[in-house]
Amino acid sequence: PDDVETLHKLRVSIRTLRSLLKFAAPFHRAADARAIQQDLRSIVVPTSRLRELDVLADEARQMEPPSEDLVAACLEMRAAERDRVLAILASGDAKRALAVKPIRWKRRVEKNGLSREAVARRFADMEAGIDRKLATTDLAAAEATHDLRKCAKRVRYAAENYAAFLDASERMKAVQDELGALCDARVNVGIIDEFPRKGLPDQALRDLDALEAKSRYFIATKLRAAGKQM
């Protein structure tokens, strides 16, 4: 957890595996797939706050000039959060969650096999579902936007990892990246609103306000653009 990039790769690898399991869910026995999904979620969710603090600290580093006091405050908060995460990952529950478990095919798949056409249909159905949600989701609704982002991510990871079976474009990656930027800006605003300001130097306080204003402006710009497209 002290290595920012390794933590990020861990989270991406778990999210990728969860996405691929979700993609293959119609072909797996439901109980098996559901159990491993829950186990993987129990590992990745506790690391979320660490990642959010890393993102905020990186934005503080990229300010002109860099906000060293704010970076230091983020790292102090991160140290406390890191200890909490380490305790969770070292627990017996985490070890059990990460133990290899069998995922069985449904009986009809075991009997008849799984065709390339069935895999392609599954992808097409998921992609069409994203398009329907894109047309109806109000991006001003944070939770609905976050759910849409997760759905787009599943389709993107399926396209990337099952490329041998799918004729997929880069479109879903662009959709997920756009939604991700909007969701990340909202997370930044939430962290900044709750940030412990007592004892922070004046410059760090000004930098916090500047980052919040930047995130709020980004959100407003995206929502205005989405409104014009609808």
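Q: Let's start with Thr-47: which residues does Thr-47 touch, not counting residues up to four places away in sequence?
A: Contact means heavy atoms within 4.5 Å. By that test, Thr-47 touches Leu-7, Arg-11 and Val-85, leaving out residues up to four places away in sequence. Bear in mind that this is a predicted model, where local features need pLDDT of at least 70, side-chain atom pairs count only at pLDDT 80 or more, and totals for chains, interfaces and linings use all residues. Numbering runs from 1 along each chain as its sequence is written, and side-chain values use heavy atoms, with hydrogens and water left out.

Q: Is Thr-47 buried or exposed?
A: Buried means under 20% relative accessible area, exposed over 50%, and partly exposed in between, using a 1.4 Å probe and protein chains only. Thr-47 has a relative accessible area of 2%, so it counts as buried. Thr-47 is found in the loop between H2 and H3.

Q: How do I read those H labels, and how many helices and strands does the protein chain have?
A: They are DSSP runs numbered from the N terminus: helices are H or I with at least four residues, strands are E with at least two. Here the protein chain has 10 helices and zero strands.

Q: Where is Leu-166, and what does it contact?
A: Leu-166 is in the loop between H8 and H9. Setting aside neighbours within four places in sequence, Leu-166 is in contact with Val-119, Ala-120, Phe-123, Ala-158 and Ala-159. Its relative accessible area is 11%, so Leu-166 is buried.

Q: How do I read a pocket, and which residues lie nearest the centre of the largest pocket?
A: Rolling a probe the size of a water molecule over the atoms shows where empty space is left. On a 1 Å grid over the protein atoms alone, a pocket is an open set of points where a 1.4 Å probe fits, with protein on both sides within 12 Å along at least five of seven lines; lining residues have an atom within 4 Å of a point. The largest pocket has 40 lining residues, with Arg-11, Arg-15, His-146, Lys-150 and Lys-153 nearest its centre.

Q: Which helices each supply at least two residues of that lining?
A: Helix H1 (4–23), helix H2 (30–44), helix H3 (48–61), helix H8 (142–161) and helix H9 (171–194) do.
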